[in-house]
Amino acid sequence: MMRLEHIGIAVKEEEDSTSLFARLLGNEAYKSEKVESEAVKTIFFELDNTKLELLQSLSQDSAIDKFISKRGEGIHHLAFAVDDIKAEISRLKAEGFTFVNEEPKAGADNKLICFLHPKSTNGVLIELCQDKK
């Protein structure tokens with residue numbers, strides 16, 4: 001079973017956006033980290049039953065930079081927590097979904113991650129994530 005783990009939001013300016021969401025949500029970010037493999041800085045906010053992840057590009061050729069150039073700031077992806085990411089990849093492949101990456105890789109917040117291609121999910125980038133063991 002999947003549950004919404006977080007919503008990823010692409011932002012241009014980490015400091016301004018962190019301040020904006022802290023004021024909006026009434027709490028401070030609990031974590032910030034760089035994910036060099038994705039050329040992104042992440043900032044996490046905890047909510048009652050999910051999280052928000054702000055994503056700022058660290059490189060002009062990163063996926064986040066390209067996203068913002070095409071679409072502007074905004075919702076980038078929905079992330080769903082799974083217990084067994086490899087089993088979910090197999091299940092979803094059998095259901096006909098396509099992936100950006102079929103092998104899980106290290107992501108932010110101590111997770112293994114993979115992304116489903118938006119062409120197979122009604123234009124929404126979907127991330128699967130599993131806590132690293």
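## A loop residue with positive phi

Ala39 sits in the loop that runs between β2 (31–35) and β3 (40–46); helices (H or I, at least four residues) and strands (E, at least two) are DSSP runs, numbered from the N terminus. The model here is predicted: local features need pLDDT of at least 70, side-chain atom pairs count only at pLDDT 80 or more, and totals for chains, interfaces and linings use all residues. Residues are numbered from 1 along each chain as its sequence is written, and side-chain values use heavy atoms, with hydrogens and water left out.

What is the phi of Ala39 near? The value is near 55°, which is positive in a residue other than glycine. Most residues other than glycine have a negative phi. Ala39 counts as buried because its relative accessibility is 17%; buried means under 20% relative accessible area, exposed over 50%, and partly exposed in between (1.4 Å probe, protein chains only).

Asp109 also has a positive phi, near 60°, and is a residue other than glycine. Its place is the loop between β6 (105–107) and β7. With a relative accessible area of 11%, Asp109 is buried.

## Salt bridges

How many salt bridges does a search of the whole structure find? The search finds 10, where a salt bridge is a side-chain nitrogen of Lys or Arg within 4 Å of a carboxyl oxygen of Asp or Glu. As background, side chains of opposite charge can pair when their charged atoms come close.

Take Glu5 and Lys111, whose side chains meet in a salt bridge at 3.5 Å, N to O. Glu5 belongs to strand β1 (residues 3–11) and Lys111 to strand β7 (residues 111–116), so this pair ties together parts that are 106 residues apart in sequence. Both partners are covered by the protein: Glu5 counts as buried at 3% relative accessibility, and Lys111 counts as buried at 9%.

The side chains of Glu33 and Lys31 form another salt bridge, at 3.4 Å, N to O. Glu33 is partly exposed, with a relative accessible area of 22%, and Lys31 is partly exposed as well, at 27%.

Within helix α3 (residues 85–94), the side chains of Arg91 and Glu88 meet in a salt bridge at 3.0 Å, N to O. These two residues are 3 apart in that helix, so about one helical turn separates them. Arg91 counts as partly exposed at 40% relative accessibility, whereas Glu88 is buried, with a relative accessible area of 14%. Elsewhere, salt bridges that share partners join Glu5, Lys31, Glu33, Lys51, Asp109, Lys111 and Asp131 into one network.

Is Glu14 buried or exposed? Glu14, in helix α1 (residues 14–25), counts as buried at 17% relative accessibility. Its side chain makes a polar contact with the side chain of Lys41, at 3.3 Å. A polar contact is a pair of N or O atoms within 3.5 Å; within protein, one must be able to donate a hydrogen and the other to accept it, and residues adjacent in sequence count only if both atoms are side-chain atoms.

Asp16 lies in helix α1 too, but this residue is exposed, with a relative accessible area of 56%. Together with Glu13, Glu15 and Glu73, Asp16 forms a negative surface patch. Patches are made of residues with over 30% relative accessible area and no salt bridge, with like charges joined within 9 Å and nonpolar side chains (Val, Leu, Ile, Met, Phe, Trp, Tyr) within 5 Å.

## The positive patch

Which residues gather in a patch of positive charge on the surface? They are Lys66, Lys70, Arg71 and Lys119. Of these, Arg71 is found in helix α2 (residues 63–71) and counts as exposed, at 61% relative accessibility.

## Two distances across the fold

Thr42 lies in strand β3 and counts as buried, at 1% relative accessibility. Thr42 and Leu112 are 70 residues apart in sequence, and their C-alpha atoms are 15 Å apart in space.

Glu33, one of the salt-bridge residues above, lies in strand β2. Its C-alpha is separated by 12 Å from that of Ser57, a residue 24 positions away along the chain.

Notes: Accessible areas come from the Shrake-Rupley method with a 1.4 Å probe; for residues, only the protein chains shown count as cover. Lys and Arg count as positive and Asp and Glu as negative; His and the chain ends are not counted. The place of a charge is taken as NZ of Lys, CZ of Arg, CG of Asp or CD of Glu.
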